[in-house]
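Here is a chain to look over together, one question at a time. Each answer sets a value against the cut-off it has to meet.

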Amino acid sequence: MAAPACSARSKQRTSQMVEWRHIPGLAPYDETLAAMEARVEAITRGEAPEAIWLLEHPPLYTAGTSARPEDLTDPGRFPVIQTGRGGQYTYHGPGQRVVYTMLDVKARGGDVRCFVRALEAWVIAALAEFGVKGEIRPGRVGVWVVRPDRPPAPDGSPAEDKIAAIGIKLRRWVSFHGLSINVEPDLSHFQGIVPCGIRDHGVTSLVDLGLPVTMDDLDAALRATFERSFGAGARCGGG
């Protein structure tokens, strides 16, 4: 059975230009969040187009609305910022591509689950550009890769590492926050938290998988695959 279309109305909205912006350097979190929220307000008023921002943050931990205090294992290591996005603790830092997605979910069908599946499919399609098979797992938010080179998980299942995190918030049906993909961050920085509350699996990156991928390479892959999940006529899961 074919996946249901996110919206029959999506062609009208997605035919408009989505503005892509690359923010150089390490973007301060609080300032970037304020700018993102201002952009979302402008989108809701019809005063600005939808937007995708590509950036990196200095090292920090963010706590989503489901974060548990016991999952912050090294609270003095980096700044800890409470944020209104969904999810638990995650890390941001140099070498990780943060993608802030300010998109009109209502115009794209008003189906939040469909929208999250489209984000997952977008990440999976971008990773496939480098020969990486990204997968999703029930009960585990984000995108994962199987690691046959690693010992199995405590329950005997194959080892899997997280390569991308997803966490969004909606304001009057416009999304913000978004996703992060590990290109070449310092993976030891994740040790100060239990990433997304998952203890039995690890974290990886494109470079950790042995791929000499740069930020520019990933940005090109994200641009090349965006329309599959969010263009006119796109279906849930990018199918």
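Q: Which residues does Gly93 touch, leaving out residues up to four places away in sequence?
A: Gly93 touches His57, Pro58 and Pro59. Please keep in mind that this is a predicted model. To count as a contact, heavy atoms must lie within 4.5 Å.

Q: Why is Gly93 called buried?
A: Buried means under 20% relative accessible area. Gly93 has a relative accessible area of 0%, so Gly93 is buried. Its place is in the loop between β5 and β6. Leu187 is 94 residues apart from Gly93 along the chain, and their C-alpha atoms are separated by 9.9 Å.

Q: What makes Trp173 partly exposed?
A: The partly exposed class lies between the buried limit of under 20% and the exposed limit of over 50%. Trp173 has a relative accessible area of 33%, so Trp173 is partly exposed. Trp173 sits in the loop between β9 and β10. Its phi is near 75 degrees, a positive value in a residue other than glycine.

Q: How do you know whether His177 is buried or exposed?
A: The relative accessible area of His177 is 4%, and buried means under 20%, so His177 is buried. His177 belongs to strand β10. It has a positive phi of about 60 degrees, although it is not a glycine.

Q: What makes the largest nonpolar core a core, and which residues touch the most other members?
A: A nonpolar core takes buried residues of kinds such as Ile and Trp, joined through side-chain atoms within 4.5 Å. The largest one has 32 residues, and Ile52 and Trp122 touch the most other members. At least two residues each come from β2 (51-56), α3 (112-128), β8 (140-146), β9 (160-171), β10 (174-182) and α4 (215-230). The largest share, 7 residues, comes from α3. A second, separate core of 19 residues includes Leu33, Ala42, Leu60 and Val98. As a general point, nonpolar side chains in soluble globular proteins tend to be buried together.

Q: Which residues does Trp122 touch, not counting residues up to four places away in sequence?
A: Among them are Trp20, Ile52, Val99 and Leu179. The list also includes Leu222, Thr225, Phe226, Ser229 and Phe230, and these five are buried residues of α4.

Q: How do you know that the span of α4 is close to the expected one?
A: The expected span is 1.5 Å times one less than the number of residues. α4 has 16 residues, and the expected value comes to 22 Å. From its first C-alpha to its last, α4 reaches 22 Å, close to that expectation.

Definitions and conventions:
Residues are numbered from 1 along each chain as its sequence is written. This is a predicted model: local features need pLDDT of at least 70, side-chain atom pairs count only at pLDDT 80 or more; totals for chains, interfaces and linings use all residues. Side-chain values use heavy atoms; hydrogens and water are left out. Buried means under 20% relative accessible area, exposed over 50%, partly exposed in between (1.4 Å probe, protein chains only). Helices (H or I, at least four residues) and strands (E, at least two) are DSSP runs, numbered from the N terminus.
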